[in-house]
Amino acid sequence: MENNSWKETLEELWGQTCRTALDLGDAAGRGAKAAGKTAETAARYAKLKLEEADLTAQVRRKLQRVGEMVYATHTGDPTGSDAMEEALLEIDSLREVLREKERQRLGLRGLRRCGGCGAMNEGKNEYCTNCGQPLERQAEE
Ligand SMILES: [Zn+2]
């Protein structure tokens, strides 16, 4: 009888230990998953930031090229308007891509830039806290 009750107590203890171990394992698994997601988000953020830096440099080079065309025209060596128009349209499309990258990057931090005044807003805001303009609703990714 005595032996039996010891056995039961041990079995119960063993059972508790196993359940605790399972719970801990589960919690560790969730923690690792959350950390993995954070690292992935940080990597995406950094990648977007690099792409933006590259695009900004491209825009700057093209703006410099436009400046050279304008100055050449001023000094009597006029640039064809087609060449000028082409350069300006390239800048437009580069800036469009740049804005989209920034929008994605800010979205990772739950932020949104106002299309009107350029102020940074919380992603959940309906209106810009700086100028009051409605913030564009964008599809969540
Ligand atoms: Zn604004």
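**Notebook: salt bridges, zinc site, surface patch**

I began with Lys101, which forms a salt bridge with Glu51, the closest N and O atoms being 3.0 Å apart. Lys101 lies in helix H2 (residues 81-108) and Glu51 in helix H1, so the pair ties together parts that are 50 residues apart in sequence. I took a salt bridge as a side-chain nitrogen of Lys or Arg within 4 Å of a carboxyl oxygen of Asp or Glu. Helices (H or I, at least four residues) and strands (E, at least two) are DSSP runs, numbered from the N terminus.

I noted that this is a predicted model, where local features need pLDDT of at least 70, side-chain atom pairs count only at pLDDT 80 or more, and totals for chains, interfaces and linings use all residues. Residues are numbered from 1 along each chain as its sequence is written, and side-chain values use heavy atoms, with hydrogens and water left out.

Next I looked up Glu52, which forms a salt bridge with Arg105, with the closest N and O atoms 2.6 Å apart. Glu52 lies in helix H1 and Arg105 in helix H2, so this pair ties together parts that are 53 residues apart in sequence. Are these two buried or exposed? Glu52 is buried at 9% relative accessibility, and Arg105 is buried at 8%. Buried means under 20% relative accessible area, exposed over 50%, partly exposed in between (1.4 Å probe, protein chains only).

Glu96 and Arg99 both lie in helix H2, three residues apart, about one turn of the helix. Salt bridges that share partners join Lys47, Glu51 and Lys101 into one network. I found eight salt bridges in the structure.

Which residues hold the zinc ion? I found Cys114, Cys117, Cys128 and Cys131, each through SG, at 2.3 to 2.4 Å. Donors are N, O and S atoms within 2.8 Å of the metal (3.2 Å for Na, K and Ca); water is not among the atoms, so sites may look incomplete. Along the chain the donors follow the spacing C-x2-C-x10-C-x2-C. Cys117 lies in the loop between strand E1 (111-113) and strand E2 (120-122) and Cys131 in the segment after E2, so the pair ties together parts that are 14 residues apart in sequence. Cys117 is partly exposed at 36%, and Cys131 is partly exposed at 38%.

Last, I looked at Leu13. Leu13 is found in helix H1 (residues 2-74) and is partly exposed at 47% relative accessibility.
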